[in-house]
Amino acid sequence: MKYQEILLLELRSLFTNPAILLTVFGGVLLYFFLYPLPYTQQVPRNQEVVVVNLDNSRLSRQFERMVNATPQVHLSTRAYSLREAKEIFLQRKLAGILVIPENFYRDLLLGHRPALSFAGDASYFLVYSTVLEGMTAAGNTLAAQVKIQRMINAGQPITQAERQYSAIRLNLVPVFNQTMGYVNYVIPPVFILILHQTLIMAAGILGSGQNEPQPINSNSYWRRAPPWRLLVIRSGMFMGVYWFLTLYYLGFSFSHYSIPRLADAAE
């Protein structure tokens with residue numbers, strides 16, 4: 001059998017098989033909309049947390065306001081004991097519980113490090129890490145304020161205290177993932193995985209279907225074609241189909257979801 005004849009028969013087998021069409025084209029189009037859907041907001045915001053303030057001092061209430069002011073956390077409920085907080089957490093399915101310990105204000109004034117406690121469901125990794133990020137930012141800000149106030153009380157000028165309260169000053173500049181969101185680093189490798197898995201599934205469906213018992217009058221061309229020639233043509237056919245699907249995923253899809261990329265279409 002000639003190359004052209006095998007190629008036409010392979011294309012006919014590919015585009016007349018509903019299972020392959022659903023897997024290749026239906027799967028690629030479905031996952032284009034379905035998989036990025038949970039990540040379209042980039043990062044979780046305003047996660048509801050119940051707070052237990054066992055210190056109830058001016059500084060602890062200030063810390064509550066600072067946590068609530070972060071974009072990641074919203075202190076939606078107040079409880080007066082850990083047991084009450086646990087019941088609220090389970091009933092309302094909140095993101096976590098923040099516990100401000102007793103003697104929080106006293107320990108800060110004495111230069112000690114009070115231990116703030118947070119309880120949450122770490123199986124929801126995005127939510128859990130987001131809440132911790134917001135609380136850490138608020139805690140670092142409060143610690144800096146306390147340290148600057150202590151330096152001012154010791155006689156240092158306020159401008160000098162603001163510059164010297166920390167030995168290291170970080171200047172974080174994201175180069176690639178400028179939004180620091182999940183779409184930019186989750187979606188590209190997942191799209192590659194989808195293309196890879198649907199390609200394997202389509203090739204498996206085509207090959208396994210042809211290995212099944214065939215009717216007597218069927219055109220079993222794959223039995224008459226030389227195996228090496230059939231392998232080369234089938235590989236080239238799938239490469240051609242997935243070349244277009246790859247351009248769709250790594251081109252239009254990246255533009256649609258505003259994913260930054262450093263190469264143009266030709267590269």
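Two strands are said to pair if DSSP finds at least two bridges between them, and one such bridge in this predicted model sets Val51 opposite Arg78 in E2.

- Four strands form an open sheet, and their order across it is E2-E1-E3-E4, with pairing that is mixed.
- The edge strands are E2 and E4, the latter covering residues 117-119, and each of them pairs on one side only.
- Neighbouring strands of this sheet are turned against each other by 30 degrees on average, when direction is ignored.

**Strand E1 and its partners**

- Strand E1 is mostly covered, since six of its seven residues are buried.
- E1 and strand E2, which spans residues 73-79, run parallel and are joined by six bridges.
- Within this pairing, the bridge partner of Glu48 in E2 is His74, while Val51 stands opposite Arg78 in the E2 strand.
- E1 is also joined to E3 by five bridges, and these two strands likewise run parallel.
- In E3, the residue that stands opposite Val50 is Ile97.
- In a regular strand, the side chains alternate between the two faces of the sheet.

**Helices beside the sheet**

- E1, H3 and E2 together make a β-α-β unit, and this unit is right-handed.
- Helix H4, made of residues 82-92, lies across E1, E2 and E3, and it runs at about 125 degrees to E2.

**Two loop residues with positive phi**

- Asn103 is found in the loop between strand E3 (96-100) and helix H5 (104-109), and it has a positive phi of about 60 degrees although it is not a glycine.
- Asn103 has a relative accessible area of 34%, so it counts as partly exposed, a class that lies between the buried limit of under 20% and the exposed limit of over 50%.

Conventions: Residues numbered from 1 in each chain as written. Predicted model: local features only at pLDDT ≥ 70, side-chain atom pairs only at ≥ 80, totals over all residues. Heavy atoms only, no water. Buried < 20%, exposed > 50% of the residue type's maximum accessible area, 1.4 Å probe, protein only. Right-handed = clockwise from strand over helix to strand, strands pointing away. Axes fitted to C-alpha atoms, helices over the stretch in contact; angles between N-to-C directions. Contact = heavy atoms within 4.5 Å.
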